[in-house]
Amino acid sequence: MQRAAAGLAVAAVGLLRSGSDSGSRSSAGSVSGPGSVYGARVALLVGVGDNGGDALYAGALLARRGATVHALLVDAERVHVGGVAALRSAGGRVAAEVDASSVLGGADLIVDGLLGIGGRGGLRGAFASLAVMAQAAALASGAPILAVDLPSGIDADTGEVAGPALRASVTVTFGTHKPGLFVDPGAGYAGVVELVDIGLSFPPSAVPVVECLQESDVAALLPVPTRSSHKYSRGVVGLAVGSLRYPGAARLAVGAALRSGVGAVRYDGPVDVVADYPEVIRASGSVQAWVVGSGLGQDDEARQRLERVLATDVPVVVDADGLRLLPRGALGRAAPTVLTPHAGEAAHLLGVSAAEIEGSRLASVHRLADLYDATVLLKGTLTLVGSPHTTTVRVNTHASADLATAGSGDVLAGFIGGLLAGGLSARDAASVGAYVHGAAGLLAARSGPVAAGDLVAALPRAWQNIRE
């Protein structure tokens, strides 16, 4: 607990200093000088467990540095006794509940120690009331909120939010990252996440709930041609995408596939993609993977194109319109299948509302993967990749909101298909595809607003940056 409190206090000092440097709280007159902690006003929201104890001990450390620290206790009978004693010994104060409004309204920093990893089912009663009051005060004053281990009100294991929750500027988490900090909607409440090592150890057999590929992981998975490689050994991907009504989807998916490391791209559809990409092969022939669905439409012809692709014995990526045409349940394919739904498409596949998908994303990706016996890439601010009968879900954190543009999904589907043809597993192709796609978006955004064509153009540079 002392290690946790020390890490928490360091983060608090950083927030107080940055806040006073920016002048965001200068009107309060509480901070004695730029970058100063002395005289700053800190409000601690203190629950009944160790989470509240961490906040109290951190508050004691800040009080010793000259901060004015008030602790607001949810339940004085069940508070961490040692933490309260440490705070009082350092000159901090325990405020009565009636003082909560004035304490929060004048705070330069609010420390959220209401509820930790043991909390389930959302905030209730006095916890919810104090959280709502604190959030309103922070919005009114601009005071940052520092969460202890995770923001109160989010489920540590799933990221689900059932009722009121505090939205932190920074979350200091202890020992190991909590899944709920990397899965929406909870991740949207966490702000910047900082990990503090408190000496925990985990057995080699421990299986993570989520994992986030880092740049070195992605670089190790990207296909690399050898001296003996030729266009067929590098993989050939086929694309049954686009229609006369949606020709752009075909051009975007084909453009991305050409930049996925494959040796050749075959196109099966009515759109003239050769005018834009003379490298594309229109003749029939063998492929190592298919992409189907993007811009396909939903008529009988579209359904037939989907069925022909699903009947093959090679890996398949199903996107967009193809997802709407899928029969519900296991697809009965021996070869791997990757589904790439956004929340609305996932809702259709499961027969629920999009709100249910967004509110329970981790459970939803598991349900989809098991029901369809497929690897599922559930798009979102933090994209999830789940595989059937697999405990660990991968989360892509390397992206931005700039990807939320028409045609972005077509680019992603084409790129993933190319990675599948190049020999990556369904899980790796989806995960690497999401990462590189996100990297391309970050690069393209440097020049201004992003269109899907900008993503296609940025893919080679994103790939090279990762490799280097």
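How are α7 and α13 oriented to each other? In this predicted model, α7 and α13 are oblique to each other, the term for angles that are not under 35 degrees (roughly parallel), over 145 (roughly antiparallel) or 65 to 115 (roughly perpendicular).

The model is a prediction in which local features need pLDDT of at least 70 and side-chain atom pairs count only at pLDDT 80 or more, while totals for chains, interfaces and linings use all residues. Residues are numbered from 1 along each chain as its sequence is written, and side-chain values use heavy atoms, with hydrogens and water left out. Helices (H or I, at least four residues) and strands (E, at least two) are DSSP runs, numbered from the N terminus.

**Helix pairs**

Two helix pairs are set out below. Axes are lines fitted to C-alpha atoms, for helices over the stretch in contact, and angles run from 0 to 180 degrees between N-to-C directions.

| Helix pair | Axes come within | Crossing angle |
|---|---|---|
| α7 (residues 247–258) and α13 (residues 408–421) | 7 Å | roughly 40° |
| α10 (residues 343–350) and α12 (residues 361–372) | 11 Å | roughly 50° |

In the pair of α7 and α13, Ala249, Leu252, Ala253, Ala256 and Ala257 of α7 make the contact with Asp410, Val411, Gly414 and Phe415 of α13; contact means heavy atoms within 4.5 Å. The crossing of α7 past α13 is right-handed, whereas that of α10 and α12 is left-handed. A crossing is left-handed if the near helix is turned anticlockwise from the far one by less than a right angle, and right-handed if clockwise. α10 and α12 are likewise oblique to each other. From α10, Ala346, Leu349 and Leu350 meet Ser364, Arg367, Leu368, Leu371 and Tyr372 of α12.

**The seven-stranded sheet**

An open sheet of 7 strands runs in the order β3-β2-β1-β4-β5-β6-β7 with parallel pairing; two strands pair if DSSP finds at least two bridges between them. The edges are β3 (93–95) and β7, each with a single partner strand, so one side of each has no neighbour in the sheet. On average, neighbouring strands of this sheet are turned by 25° against each other, direction ignored. Within the sheet, β1 (residues 41–46) and β2 (residues 68–73) pair in the parallel sense over 6 bridges. Leu44 has Ala71 in β2 as its bridge partner. Helix α2 (residues 50–64) packs on the sheet, touching β1, β2, β4 (109–113), β5 (145–148) and β6, and its direction makes about 165° with that of β1.

Lys178 lies in the loop between β6 (170–174) and β7 (192–196). With a relative accessible area of 10%, Lys178 is buried (under 20% relative accessible area; exposed is over 50% and partly exposed in between, with a 1.4 Å probe and protein chains only). The side chain of Lys178 makes a polar contact with the side chain of Thr173 at 2.8 Å. A polar contact is a pair of N or O atoms within 3.5 Å; within protein, one must be able to donate a hydrogen and the other to accept it, and residues adjacent in sequence count only if both atoms are side-chain atoms. A polar atom of the Lys178 side chain also lies 2.8 Å from the backbone oxygen of Phe174.

**Strand β11**

Strand β11 (residues 289–292) points Ala289 and Val291 one way and Trp290 and Val292 the other way, and all are buried. β11 pairs in the parallel sense with β9 (residues 236–240) over 4 bridges, and with β12 (residues 316–318) over 3 bridges. Gly238 stands opposite Trp290 in β11, and Val292 stands opposite Val318 in β12.
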